[in-house]
Amino acid sequence: MDIAAIRNRLREFAEERDWEQFHSPKNLSMALSVEVAELVEHFQWLTEAQSRSPDAVDRDAVATEIADIQIYLVMLADKLDIDIGRAVMDKIAANAIKYPSGGPTP
């Protein structure tokens, strides 16, 4: 995934529609939370086993929600000048220290 290309396309998309005015970190984080809730709805009443079955959910609908979430994450990171790739790698490194291999699972 080329996050920079996605970020640039999202910037163009917003500029073409004059939506930049609505894309504050507050608004983007709120929109992100709504999209996560919409993703959760697809799994809400499934058992653990059902949630692992590719046939238990509408994969296209789930993919759309995942895309919405990623879009808002990229836009929020852009607003706050956060390098998503670096942030993810830093978090994985921190988790490796916090949860060493062979230890109890969280």
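## Ground rules

A polar contact here is a pair of N or O atoms within 3.5 Å; within protein, one atom must be able to donate a hydrogen and the other to accept it, and residues adjacent in sequence count only if both atoms are side-chain atoms. This is a predicted model, so local features need pLDDT of at least 70 and side-chain atom pairs count only at pLDDT 80 or more, while totals for chains, interfaces and linings use all residues. Residues are numbered from 1 along each chain as its sequence is written, and side-chain values use heavy atoms, with hydrogens and water left out.

Helices are DSSP runs of H or I with at least four residues, numbered from the N terminus. Helix α5 covers residues 84–98, 15 residues in total. From first C-alpha to last, α5 reaches 21 Å, close to the 21 Å expected at 1.5 Å a residue (the expected span being 1.5 Å times one less than the number of residues). Where α5 starts, Asp 83 puts a side-chain oxygen within 3.0 Å of the backbone nitrogen of Gly 85.

## Salt bridges

Side chains of opposite charge can pair when their charged atoms come close. Count a salt bridge as a side-chain nitrogen of Lys or Arg within 4 Å of a carboxyl oxygen of Asp or Glu, and the whole structure gives you seven.

One of them joins Arg 9 to Glu 12, with the closest N and O atoms 3.6 Å apart. These two sit three residues apart in helix α1 (residues 3–17), so about one helical turn separates them. Arg 9, Glu 12, Glu 16 and Arg 17 are also linked in a salt-bridge network.

Glu 20 and Lys 79 make another salt bridge, at 2.0 Å from N to O. That pair ties together distant parts of the chain, 59 residues apart: Glu 20 is in the loop between α1 and α2 (25–41), and Lys 79 is in helix α4 (residues 59–79). Glu 20 is partly exposed at 40% relative accessibility, and Lys 79 is partly exposed at 32% (buried is under 20% relative accessible area, exposed over 50%, partly exposed in between, with a 1.4 Å probe and protein chains only).

Arg 52 and Glu 48 pair up too, at 3.6 Å from N to O. Arg 52 is exposed at 64%, and Glu 48 is exposed at 58%.

Glu 35, in helix α2, is buried but has no salt bridge. Its nearest side chain of opposite charge, Arg 17, is 15 Å away (Lys and Arg count as positive, Asp and Glu as negative; His and the chain ends are not counted). Setting aside neighbours within four places in sequence, Glu 35 is in contact (heavy atoms within 4.5 Å) with Glu 65, Asp 68, Ile 69 and Tyr 72.
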